[in-house]
Amino acid sequence: MSAHSSDPSQALDTILQRHGRDPTRLLQILIAAQDIEGWLPAPLLTRIAGALALPRARVEGVAGFYSFLYTQPVGRYRVLFSDNITDRMLGNAELLDALCRKLWIEPGHTSEDGLVSVTTTSCTGLCDQGPAMLVNGRAIGQLGHRRINEIAELIRQQRPLDLWPAEYFQIDDNIRRRDALLGLDMPAGAALQAAVARGRDGWLAEMQASNLRGRGGAGFATAVKWASAKNAPGTPKVIVCNADEGEPGTFKDRVLLNSFADLVFEGMSLAAWAVGASQGFLYLRGEYRYLRPQLEAVLARRRAAGLLGQSILGQAGFDFDIDIHLGAGAYVCGEESALIESLEGKRGTPRIRPPFPVTKGYLGRPTVVNNVETLAKTCLIALGGGEAFAATGTAQSAGTKLLSISGDCASPGIYEYPFGVPISRILEDCGASDTQAVQVGGASGICLAGYEFHRRIAYEDVPTAGAFMIFDGTRDLFDVARAFVHFFAHESCGFCTPCRVGTSLLKGFMDKLADGHGAQADLADIDWLDRLLKNASHCGLGSAAPNPVIDTLQKFRPAYERRLVSLDFEPAFDLDAALAEARQLTGRDDGGAHLKTHEEEEK
Ligand SMILES: Cc1cc2nc3c(=O)[nH]c(=O)nc-3n(C[C@H](O)[C@H](O)[C@H](O)COP(=O)(O)O)c2cc1C
Ligand code: SF4
């Protein structure tokens with residue numbers, strides 16, 4: 001499976017050289033070095049630490065942080081089943097079991113001969129064509145029993161991935177509704193030319209007039225962010241495109257990167273022109289690594305066309321280029337300050353703010369971090385003007401929004417709507433029926449019940465980064481919330497105690513309820529945890545973690561209450577069962593050797 005020469009030492013030297021032995025490139029070096037043997041053996045980490053003059057513990061700390069970096073041997077074929085709730089609804093667990101049975105391995109383990117390991121990973125951004133998996137970083141969707149049988153056979157035969165049927169790796173865009181952005185047919189460079197013609201200040205003024213707000217979730221005014229970075233002291237200034245897209249249920253950035261990469265890169269250049277930035281990064285989530293070669297090709301084409309590099313479009317002093325950095329399976333790295341830490345080659349721990357990235361971001365430089373869709377949208381503003389952009393959508397939410405629609409509907413995929421579209425209209429368009437609930441904005445978003453389907457997608461009503469997961473009447477909303485809670489507990493970076501402990505406690509409560517040991521008191525404790533996480537978490541991951549539970553508890557309470565064995569106190573574990581071993585040892589199994597049940601005591 002190695003992508004490198006047979007001499008690991010030489011392969012590592014080449015990697016180190018390619019990255020200029022630069023410690024800020026540590027994560028990129030580790031990702032590349034892992035390709036040598038499929039994992040990161042201890043001596044390799046020691047060599048990397050030596051070559052970068054970094055403490056060994058720092059290198060190990062980074063390697064241990066990212067779930068796609070392995071410090072223990074894994075299979076030469078690394079199979080990761082996507083485990084979003086939508087994959088579960090499509091039967092991913094059954095398929096995982098089937099593959100493991102065929103390969104004679106335990107889920108979560110590596111086969112004794114080191115051939116294959118099979119486990120799960122968080123959402124891979126393929127919810128419109130799940131169940132999905134990654135095999136050695138390459139995405140395969142539309143899994144079914146036939147495909148799983150074939151994959152098991154290919155692995156057994158040790159067939160290289162390049163020789164697997166090409167249709168396995170075909171990822172569809174599934175664009176179902178186009179509006180201003182997805183309907184735009186723009187020659188590369190046209191938006192940049194229009195912005196350059198207005199001058200830097202004129203262009204920023206146009207952005208201000210547009211009222212564009214960030215599409216990454218928080219809805220911050222893009223022009224304000226750009227102006228702050230422009231006015232902040234320090235050079236070079238930096239533009240970062242946040243393509244981490246880790247929110248479960250979101251996949252619109254995948255489609256923009258796959259088929260509209262020119263708009264995204266042009267948006268980065270437009271930001272650079274306004275801010276006076278010369279350095280650009282696209283932070284690409286590890287799950288989308290398969291997109292990298294085509295993205296590099298687009299960048300090369302843009303360099304050749306004079307749209308990147310020195311004196312862009314003949315403007316002296318307009319120098320800007322873009323580097324692609326890979327993430328490695330950490331949801332928290334989508335948070336902008338964690339992303340910057342990751343770009344600097346560190347663990348993705350969110351920073352204490354202020355200072356904000358616009359004044360002190362990447363290596364202390366003024367840094368703009370924008371979502372993929374936000375940047376692509378700026379092309380529309382450069383071409384059509386700020387006022388025209390502001391005239392669409394609603395008063396507080398200008399323009400259109402891309403939605404990633406998945407779950408119980410006939411036509412999952414990408415839908416672009418002007419802001420203000422009601423939920424009911426979207427459900428009708430995508431062929432959803434008997435809809436019980438919609439989770440808008442991913443795991444950290446909001447769960448809407450039927451009586452709320454008149455509400456509208458807009459920052460002032462139902463804000464969203466783009467995920468729209470549909471659950472029909474057959475689904476159990478408790479299971480949905482529990483899956484999201486597990487996700488947060490898994491993805492908590494562990495930096496602050498309220499989130500590290502709180503997400504784990506919340507997971508414990510949900511598991512206790514699922515196991516039938518829950519009591520009314522647990523629901524009160526969940527409320528208490530919600531307040532703790534909301535008030536004391538260091539970043540948005542921790543404060544959003546209880547959202548799915550609180551929403552579903554409020555709107556679908558029977559899903560919880562039918563799991564309560566008692567409305568009063570119930571122990572966290574079955575004490576009588578725990579005494580079974582003692583009974584066995586003493587040879588006593590009569591009535592007196594058992595604890596009385598709750599009902600017996602009542603009699
Ligand atoms: C835990 C967490 C994960 C996030 N993940 C993403 C992400 O994957 N993509 C994204 O654009 N923004 C994400 N954000 C929001 C970013 O911190 C930031 O607000 C955004 O990239 C700014 O871009 P915008 O102004 O264009 O929306 C995340 C925030 C948090 C707290
Ligand atoms: S809230 Fe959670 S994810 Fe955010 S810094 Fe604290 S531990 Fe890390």
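Modeller: A pocket here is an open set of grid points where a 1.4 Å probe fits, with protein on both sides within 12 Å along at least five of seven lines. Keep in mind that this is a predicted model. The largest pocket holds about 1300 Å³ of space. Its lining counts 46 residues. Closest to the centre are G216, G217, A218, G334 and E335.

Strand β9 supplies the largest share, with 5 residues. By class, the lining has 20 polar, 15 nonpolar and 11 charged residues.

Now the sheet. Four strands make an open sheet with mixed pairing, in the order β2-β1-β3-β4. From one strand to the next, the twist averages 25°.

Strand β3 (residues 133–135) pairs with β4 in the antiparallel sense, over 3 bridges. There, L134 has A139 of β4 as its bridge partner.

Two helices pack on this sheet. Helix α6 (residues 92–103) touches β1 (77–82), β2 and β3. The direction of α6 makes about 170° with that of β2. Helix α7 (residues 145–156) touches β1, β2, β3 and β4. The direction of α7 makes about 160° with that of β1.

Conventions:
Residues numbered from 1 in each chain as written. Chains lettered and ligands numbered in written order. Predicted model: local features only at pLDDT ≥ 70, side-chain atom pairs only at ≥ 80, totals over all residues. Heavy atoms only, no water. 1 Å grid on protein atoms, 1.4 Å probe; cavity = no way out; pocket = protein on both sides within 12 Å on 5 of 7 lines; lining within 4 Å. Points joined across faces, edges and corners; volume = space filled by probe spheres on them. Nonpolar A, V, L, I, M, F, W, Y, C, P; charged D, E, K, R; others polar. Pairing = 2+ DSSP bridges. Axes fitted to C-alpha atoms, helices over the stretch in contact; angles between N-to-C directions. Contact = heavy atoms within 4.5 Å.
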